[in-house]
Amino acid sequence: MPIALPLRRLWTLDKFAYSLRVFIAFSGALLFSVFQADVALVIPLFLGIIACALSETDDSWQGRLQALIVTLLCFALASFVVQWLFAWPWLFALGLGVSAFTLIMLGAIGQRYATIASGTLILSIYSMINIEQHGGVDADVASRQLLLLAGAAWYGLISVIWCALFSRQPVKQSMARVYKTLGEFLILKSALFEPVRGVDVEARRVALAHQNGQVVAALNQAKEMIFRRLEGQRGSQKLNRYLRIYFIAQDIHERASSTHYPYSALTEAFFHHDVLFRCQRLLDQQGRACRQLAKSLLLNRPFDHELSEQALMDLRASIDNLSDRDRPEWRALIHPLNALADNLATLETQIASVQNPDASFDRRDSALFDRSPSSIKEAWNRVRLNLTLGSPTFRHAVRLSSALVAGYALLQWLDPEQGFWILLTTLFVCRPNFATTRRFLSQRILGTVLGLVVGWASISLFPQPGVQSMIAVAAGVCFFANRERHYVIATASITLLVLCSFNQVGDGFDLIWPRLFDTLLGAVIAGLAVFFILPDWQGRRLYREAAKVLTSHRGYLDEIVHQYETGKQDDLAYRLARRNAHNADAAFSTLLTNMLHEPGHYRKQDADSGLRFLVLSNTLLSHLSALGAHRHRLTDDEDDAALMPQARRISELLEAMTRELHARQPVTALDEQTEMLLAALGDTPKDAATPVSSERATAVTLYRPIQSQLRLIAEQLTPLAQSAARLTQRPKSAGH
């Protein structure tokens, strides 16, 4: 047990299986070279393994086998084209630019294609290094290129077999990640209930919006993993269970995202009461329960969640106490507090239902939306739509292909030793936007320096070839374990692998300064390319992304209205509209973060307006979520049925705002339309601290959640239009 528990916990780490596969592949290649008594075989085999591991897609074993076949075909074509053109520099430069542009554009089809295309580019440069290492094209070049493909095929075989044996482990890890991020989201949201004056509420909302982006990313990844494995396996009981747990997570996210009343008004009204502390404590407990659920999923342990019945009872008692006091300024807030308590109680039930998802599963529509192209025509249409200067994919394709050609021209001019490392650095550092490129550039240089120092010490202290080979294997595993989260360590590890591997067939000390020099040159080329070649400054796209946010929010509202008219049903159309709204909100948050890391001279001047728009759009989304949480079929004689035309009017105003934003035209002020909407939605006090008359008190007690949420949504229109108007303003200085 003392040994089994750490091993079991190690198995739950998402990078452990990945690293173990790489270790098996590297070890097998090393043993093969030992048995062949030719240590030089290690280098092409290792390079092929690395390229294939970087091209690995997440699929069922059948899907991964198909992807592997496509990957190997791309690798073979790239490898032998490099071999064929290597002796003609100008023709080689042309082929390099065209192939780089084509492969990046193929990434517009989908993430799977982007991954394979990136791996193919990497293997192309590895092929150049493999040829250059032996002085150019000679009689044995074909066999050495085949060793690259053999290394890739070897890792691919391990990957397919592993996926067949442990197909559900990645799904389990992805679902655990969903509930962990949900837990962090709930804990962050609980801070909004803290009745403390002087805190930066807007900063907390921005942090919540960023965390919402992480939840959305985790949900999207989990959905893709489940979908790929469900293809042709609809009868799998385990997979269907994970599908139900995923749907529960979606429901929890909608409830957690909802806002029933402005928290600032609640804080001001109940500052001296304990009701908000109780809400905060309960929401914090639910967040911690989600994090515990994530651990239970990973360790295959039962999730024994004790319902917080006492905390709910205390919250109800606190609200009842406020009602008994019958203070006029509180009357308008008692019903929103009760709605909040109901929402927290439903959240509690949803979290508890994960323990036995089959018992509470009554969903008729369990379909998942397939975002991959269904035909070659659709795939080509995706590429064709991106063949424009306005497409970030097109701009990145032009930028990267130009940078690679410039790097190749530079190495031909300087003729440096091991010069193709310039291209490899440019490929890894040049990213689709400036902020990401700058981060990878600095980390690549720092990691290379660190790796060279450690590598120099390693080959000096351990001159034995066997020890250096084991260090190379360990460094390769370390690279794959850290490449996504700790890029400095990953770069240092891959540099150490290169030094120890190349020291087996030559003098590794002679590689230290060329590797450092080439890394600096490649990083400079990548930095100049992203700065001068079709620079994709995020501020220039801010208004378009804002338009996409409002479009998706409008689609979500339309689906909610449709559900009120036809009855609550968690069908694919509703779930897709909800997911699109959260995806757009997360994309805007990411773009804004990248924009804030751009140089001040090129940054759009109204970054504060972008942050303001993010807070307002996220607030609008939270009110839409609350409206969706209450959805049910409205009967013709129900009072709320008369509110649906007002909901459609809100949708029309959002559409008009979207059109103006997308065209970058002045956004029409909505003060008058908002006042008309609020009048049509009924007279409910805006300010919780404002006393109400005895005549209105009776009307206020007739609380209608739909009316309340539509009013709160309508109240967001005017500030949203004002913020959107600032986003359409052109900067005073055009910049680059």
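Me: What makes Arg-8, Arg-9, Lys-180, Lys-295 and Arg-301 a patch of positive charge on the surface?

Reply: Start with the charge: Lys and Arg count as positive and Asp and Glu as negative, with His and the chain ends not counted. A patch takes residues with over 30% relative accessible area and no salt bridge, joining like charges within 9 Å (nonpolar side chains, Val, Leu, Ile, Met, Phe, Trp and Tyr, within 5 Å). Each charge is placed at NZ of Lys, CZ of Arg, CG of Asp or CD of Glu. The areas come from the Shrake-Rupley method with a 1.4 Å probe, and for residues only the protein chains shown count as cover. Arg-8, Arg-9, Lys-180, Lys-295 and Arg-301 gather in such a patch.

Me: What should I know about the model itself?

Reply: It's a predicted model, where local features need pLDDT of at least 70 and side-chain atom pairs pLDDT 80 or more, while totals for chains, interfaces and linings use all residues. Residues are numbered from 1 along each chain as its sequence is written, and side-chain values use heavy atoms, leaving out hydrogens and water.

Me: Why is the contact between Arg-229 and Asp-58 called a salt bridge?

Reply: The rule wants a side-chain nitrogen of Lys or Arg within 4 Å of a carboxyl oxygen of Asp or Glu. Arg-229 and Asp-58 have N to O at 2.9 Å, so the pair passes. Arg-229 sits in helix α9 and Asp-58 in the loop between α3 and α4, so the bridge ties together parts 171 residues apart in sequence. Helices here are DSSP runs (H or I, at least four residues; strands are E, at least two), numbered from the N terminus.

Me: How do you know whether Arg-229 is buried or exposed?

Reply: Buried means under 20% relative accessible area, exposed over 50%, and partly exposed in between (1.4 Å probe, protein chains only). Arg-229 has 1%, so "buried" it is. Asp-58 has 28%, so Asp-58 is partly exposed.

Me: What makes Arg-291 and Glu-184 count as a pair?

Reply: Their side chains meet in a salt bridge, 2.7 Å from N to O. Arg-291 is in helix α12 and Glu-184 in helix α8, 107 residues apart.

Me: How far apart along the helix are Arg-659 and Glu-655?

Reply: They're 4 residues apart in helix α25, so about one helical turn separates them.
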